[in-house]
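Subject: Structure for you to look at

Hello,

Here is the structure I promised to pass on. Please open it first, then read my notes below.

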Amino acid sequence: MEIQQALGKAIKTIRLSKGLNQEYFSDVSSRTYLSVLENGKKNPTVEKIDTLANAMGVHPLTLITLAYMNLDGEQNLADIHKTITNELTQALATT
């Protein structure tokens, strides 16, 4: 699976877990565009990820984290969280 498909799957998973249909997003995106994203046919911009995440009531990193979990089925949430925490701690220590 490529990242485009993994992100689409993440968007759909979160949307369904919230009990939202595609029409719910009509204020922020067309149903057609959302379907195209969920099917991994297009790459959304950072702004669109932010908009969709806000509409679903989740942090944009939730979508991205789930996408990477979909991409690499061997990485679990704890491993990803540990990596991100270490990398951010290191980056912030140099500022």
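The accessible surface of the chain comes to about 6,300 Å². Carbon and sulfur atoms account for 54% of that surface. Please keep in mind that this is a predicted model.

Now the overall layout. The chain has five helices and zero strands. Read along the sequence, the pattern is α-α-α-α-α. The C-alpha trace spans about 45 × 30 × 25 Å along its principal axes. The chain has 95 residues, and 32% of them are buried. I also looked at contacts between residues at least 6 apart in sequence. Of these, 55% join residues at least 24 apart.

Next, the core. Nonpolar side chains tend to be buried together in soluble globular proteins. Here, the largest nonpolar core holds 17 residues. Which of them touch the most other members? They are Ile11, Leu52, Met56 and Leu63. Four helices each supply at least two residues of this core: H1 (3-17), H2 (31-38), H3 (46-56) and H4 (60-71). H1 gives the most, with five residues.

Take a look at methionine 56. Leaving aside neighbours within four places in sequence, Met56 is in contact with Ile11, Ile14, Arg15, Lys18, Leu20, Phe25 and Leu63.

Then find leucine 7, in helix H1. Is leucine 7 buried or exposed? Its relative accessibility is 11%, and the cut-off for buried is under 20%, so leucine 7 counts as buried. Beyond residues up to four places away in sequence, leucine 7 touches Pro44, Ile49, Leu63 and Ala67. Leucine 7 and asparagine 43 are 36 residues apart in sequence. In space, their C-alpha atoms are 8.5 Å apart.

Asparagine 70 is in helix H4. A polar atom of the asparagine 70 side chain lies 3.2 Å from the backbone oxygen of alanine 6.

Asparagine 76 caps the N-terminal end of H5. One of its side-chain oxygens lies 3.0 Å from the backbone nitrogen of alanine 78.

Last, a check on helix H5, residues 77-93.

Best wishes

Notes: Residues numbered from 1 in each chain as written. Predicted model: local features only at pLDDT ≥ 70, side-chain atom pairs only at ≥ 80, totals over all residues. Heavy atoms only, no water. Core = buried A, V, L, I, M, F, W, Y, C linked by side-chain atoms within 4.5 Å. Buried < 20%, exposed > 50% of the residue type's maximum accessible area, 1.4 Å probe, protein only. Contact = heavy atoms within 4.5 Å. Expected span 1.5 Å × (residues − 1). Polar contact = N/O pair within 3.5 Å; in protein donor to acceptor, adjacent residues only side chain to side chain. Areas by Shrake-Rupley, 256 points an atom, 1.4 Å probe, with all protein chains shown as cover.
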